[in-house]
Structures are given as C-alpha cells and as structure tokens.
Amino acid sequence: MATTIEEPDKLEVFALAIAQLPLETLHNERARIENSIDHLQRSNREIEQYIAESEDDKEKNEMNGVIIENEDVIIGQKLRIEMI
C-alpha cells in the first residue's frame, strides 16, 4: 500500500465540522485523538520488537509497511489536534 499523508480535502471537512462544535466537545475530541495516537505509537513499538525477533524477511517488510501506515495516520491526527 502506498504511503499517503492526510488528504487536504479531509482536513478541510474536519475544519468545517469542528468550527461548529462547543468547546467541551473539542476538548473531548482532542483527548480521543491523543488516545488514538498513544495506541498507534504503542502498536508501532510492539511491531518493531516483533520485527527484531522475526526471521521472515517477507513478514518484516509487511510489518514495516504497517508501521509506515500508522505513522501516516499519526501525522494526520496531529494535524487535527493542531486544528482543534
């Protein structure tokens, strides 16, 4: 799967959506996104450990792809936090 950082159109839609939300909802959304980032980072650490212990090169490549996808999602989520 190709690496794609957050699409600008999705961020524009997000910006329009959050503009209408009350402050408490924005705080909750930020906390939800931060929690998601924490889970993705933990997952990446676990995958990295698995890769270090694996002897299967094909599987290592696939797992590296998962890490890259997770990093792309993290970037998009950090952009959303900045927007909030």
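## Basis

The model is predicted: local features need pLDDT of at least 70 and side-chain atom pairs pLDDT 80 or more, while totals for chains, interfaces and linings use all residues. Residues are numbered from 1 along each chain as its sequence is written, and side-chain values use heavy atoms, without hydrogens and water.

## Secondary structure

The protein chain has 3 helices and 0 strands, in the order α-α-α from the N terminus. Helices (H or I, at least four residues) and strands (E, at least two) are DSSP runs, numbered from the N terminus.

## Dimensions and burial

The C-alpha trace of the protein chain spans about 50 × 25 × 10 Å along its principal axes.

Of the 84 residues, 25% count as buried (under 20% relative accessible area, 1.4 Å probe, protein chains only). Of the contacts between residues at least 6 apart in sequence, 72% join residues at least 24 apart (contact: heavy atoms within 4.5 Å).

## Helix 2 and helix 3

Helix 2 (residues 23–53) packs with helix 3 (residues 57–83) at an angle of about 160°, the axes being 10 Å apart. Axes are lines fitted to C-alpha atoms over the stretch in contact, and angles run from 0 to 180 degrees between N-to-C directions. The two helices are therefore roughly antiparallel (angle over 145 degrees).

The contact of helix 2 with helix 3 involves 12 nonpolar, 7 polar and 8 charged residues (nonpolar: Ala, Val, Leu, Ile, Met, Phe, Trp, Tyr, Cys and Pro; charged: Asp, Glu, Lys and Arg; polar: the others, Gly among them).

Methods. Angles under 35 degrees count as roughly parallel, over 145 as roughly antiparallel, 65 to 115 as roughly perpendicular and the rest as oblique. Buried means under 20% relative accessible area, exposed over 50%, partly exposed in between (1.4 Å probe, protein chains only).
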